[in-house]
Amino acid sequence: MKIPVQQNILNLTPYTPGKPISEVQRELNLEEVTKLASNENPCGPSPKAIQAIHKALSEIHRYPDGSGFYLKNSLGKKLAIAQDQIILGNGTNEILEIAVRTFLSPGEETISGQPAFIIYQLLTQSANGINIPIPLQEHTHNLSAMAEAITSKTKIIFIANPNNPTGTMIKQGEMMEFLQKVPSNILVVMDEAYYEYAIDEQYPDVLSFIKNNPSKPILLLRTFSKAYGLAGLRIGYGLGSPDLISLMNRVRQPFNVNSLALAAAQAALEDAGHLEKSRKLNQSGYQFLCQEFKRMKLFYVPSCTNFILVDVGQKAKEFNEKLLRLGIVVRPMGGYGLTTYVRITIGLEEENKKLVQAINTAIKQ
Amino acid sequence: MSIFWSEIAKQITPYVPGEQPRDKKYIKLNTNENPYPPSPEVIKAIRKAANEDLRLYPDPDCNELRCVIAEYFTLSKDQVFIGNGSDEILAFSFPAFFNPKKPILFPDITYSFYTVYAKLFHIDYHLIPLDHEFSIPVDQLTKKNFGIIFPNPNAPTGKYLPIEKIKHVLEKNKEVMVIIDEAYIDFGGKSAVSLLSQYPNLLIIQTLSKSRSLAGLRLGFALGHKDLIEGLNRVKNSFNSYTIDRLALACAKEAIKDTTYFNNIRNKIITTREQTANQLIDFGFKVIDSKANFLFITHPVHPAEKLFSQLKEWGILVRYFKTPRIDNYLRVTIGSDEQMDTFLTTVQKLLP
Ligand SMILES: Cc1ncc(COP(=O)(O)O)c(C=O)c1O
Ligand SMILES: Cc1ncc(COP(=O)(O)O)c(C=O)c1O
């Protein structure tokens, strides 16, 4: 029997995720591997999140609270937003998926930066839509070009701010102008996965824009995978107008987020101290690495996130192999058309030092 | 807001899960959960895995868990797919195996997710009416179709199709996908896993939410020919690699491996089910023969909807569907013996 997989699915080249540490260790027979590849928080999650998991265990045989009441309650208070303006997902990745399934019909277009988070493209294709990639300008989203690319078929515009893999951001003034300009029949997905790391005072306040412009369809996405150190639990959230959220809830599976993730995320959210510690560590790591890259005369893109895009001046794939043998995993960016670039997650102090040493060695090889 | 939402989104009536009220502590017999906690080994594994490694993304291929499940069923690893609940596997199966304009078949009274997903993915479908005893009329599953999906035992009836009948369906449908949703198979039914080697078009979906007491963690798995599993992987990896969290991966292995605990718990539930059914029959209920962890019941004089509200007032939640044909039935999940005693005494009090 020929399996009747739909053509658009067959046409996809799936996303290749970063390798788990254990796999790298096994393959290369390495004692110790430092993973700086998937923009995870080197500080780990808040100890309060771990405690919350232990506490939630006694109810694990029950389905999770499908409405995520308690987490939404905490989010609502923290962000001064109503619960019906919040959707929870099995990672923000799932909320992206739900948004596309809810709003994109076959043949319609999405616009996204190139390169940006690759899932935007894949999702569009998997829903039989057409993705229009708009090249970045100086490694930053080119909002005017994105606005010009709008056609009568455009349904969704994806913006990662800060952007992955470049780490760059659009500033308040430019963003507000853009959001005002986009017609109200187009959904803007504002992916703020790295929001907590973006401490620049010019970082745009899209949440306030959503509150003040309820007629503009904007979906703001954030995650517990990055600064909150909970990538392993799979939980993220989306914010938007009640209409928008309620439509997406129709497509969402009722128990999409597991109960331990709900409990841990709520505890993590309430531990402001841990978040601050993570941010500080990231800041000092960033300064250290930038200094070193300058010393090594490597071009890098200034970043407002927990990762840095670096031009290593040779085939990224080969460079990556060399680093792997030295026990360091980074992300080569060939797949994004950046053939000599790697994306490096900022690690702990010792990890960053080990990285710099390894880069020094690898460059000379 | 302008009305630009896709037609599909507008048409979807979402699946409404059993209620989870917060006003007081209820005895929850409404969502087919297991009343007992998972194996102590499972709890141990979660406690161990709840550490700072949670900062790391999980293994997107779920390799270890797939190996354990494969071994349990004597299959190979590439015949196993893991999902964030069997709900997610169902959600992937529709676009992976069914096509728009090529109608599939499923029973008229069944897990309501099938309709939700068929609509979401533009899959046409024909409903096969259950017979008057709520059995799936197997002969009707032999008519022309482009795919079949049904649960065994069926939900919300609990009615089970013996393996010979499943075989009959498969014999008559060798050219199309047949998906059997075995969410409740461990409560007295016989899985069709033994038929996998003969039928490369058979996909079996099971869950850890019911017999393995892990509804909160969201874990389901699919078993089938490796090409079918590849189809599911394609769909999954086309938009989300990391669907299964680290804690689920860490503990599910233990849930599968601890067969002593598993058998203990399911036998306990089966015993409680039979005792409860007998009592209800004594009270005058008609009880549909169940091989699941719930009973589907109706009373000749006392209306189901009324009993449902009365039970709620007494702090007991059961499930009532205001759906034609079954709107005088209640679905009652089998809880612990103690919970069922409370349920039975309350019911007895409420009956005229
Ligand atoms: C821009 C962006 N959005 C979303 C995600 C996915 O995050 P989550 O772990 O919440 O699915 C990532 C992860 O790398 C990302 O870089
Ligand atoms: C027939 C059937 N299939 C699948 C499911 C979903 O189970 P899971 O918890 O694995 O998503 C249920 C849950 O009630 C069910 O009744």
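**Domains, chains and ligands**

Author: Chain B is split into domain 1 (17–37 + 260–350) and domain 2 (40–257), with bounds that come from an automatic or database domain assignment. Bear in mind that this is a predicted model, where local features need pLDDT of at least 70, side-chain atom pairs count only at pLDDT 80 or more, and totals for chains, interfaces and linings use all residues. Residues are numbered from 1 along each chain as its sequence is written, while chains are lettered from A and ligands numbered from 1 in the order in which they are written.

Reader: Which element gives the most to the side of domain 1 of chain B that touches domain 2 of chain B?

Author: Here 24 residues of domain 1 of chain B are in contact with 18 residues of domain 2 of chain B (contact: C-beta atoms, placed from the backbone, within 7 Å). On the domain 1 side, the elements giving two or more residues are α9 (259–282) and β10 (294–298) of chain B; helices (H or I, at least four residues) and strands (E, at least two) are DSSP runs, numbered from the N terminus. With five residues, the top contributor is α9(B).

Reader: And in chain A, how far apart are the centres of domain 1 and domain 2?

Author: Chain A is divided into domain 1 (7–44 + 273–364) and domain 2 (47–269). Between them, 27 residues of domain 1 of chain A are in contact with 24 residues of domain 2 of chain A. Taken over C-alpha atoms, the centres of these two domains of chain A are separated by 24 Å.

Reader: Which element gives the largest share of the side of chain A that touches chain B?

Author: In this interface, 67 residues of chain A are in contact with 67 residues of chain B. Elements of chain A that give two or more residues to its side include α5 (92–103) and α10 (242–251). The largest share, six residues, comes from α5(A).

Reader: How are α5(A) and α10(A) oriented to each other?

Author: A:Ile98, A:Ala99, A:Arg101 and A:Thr102 in α5(A) meet A:Leu247, A:Met248 and A:Val251 in α10(A). The axes are 9 Å apart, at an angle of about 95°; axes are lines fitted to C-alpha atoms, for helices over the stretch in contact, and angles run from 0 to 180 degrees between N-to-C directions. Angles of 65 to 115 degrees count as roughly perpendicular (under 35 is roughly parallel, over 145 roughly antiparallel, the rest oblique). Therefore α5(A) and α10(A) are roughly perpendicular.

Reader: Is B:Leu90 buried or exposed?

Author: B:Leu90 lies in helix α4 (residues 86–97) of chain B, and its contacts beyond four places in sequence are B:Phe113, B:Tyr117 and B:Ile205. The cut-offs are 20 or more other C-beta atoms within 10 Å for buried, 12 or fewer for exposed, and in between for partly exposed, with C-beta atoms placed from the backbone. B:Leu90 has 23 other C-beta atoms within 10 Å, so this residue is buried.

Reader: How many charged residues are in the shell around ligand 2?

Author: The shell holds 13 residues, the closest being B:Gly85, B:Ser86, B:Asp87, B:Thr207 and B:Ser209; a residue is near a molecule or strand if its C-beta atom, placed from the backbone, lies within 6 Å of it. Asp, Glu, Lys and Arg count as charged, Ala, Val, Leu, Ile, Met, Phe, Trp, Tyr, Cys and Pro as nonpolar, and the others, Gly among them, as polar. The shell around ligand 2 divides into five nonpolar, six polar and, for your count, two charged.

Note on methods:
Contact = placed C-beta atoms within 7 Å.
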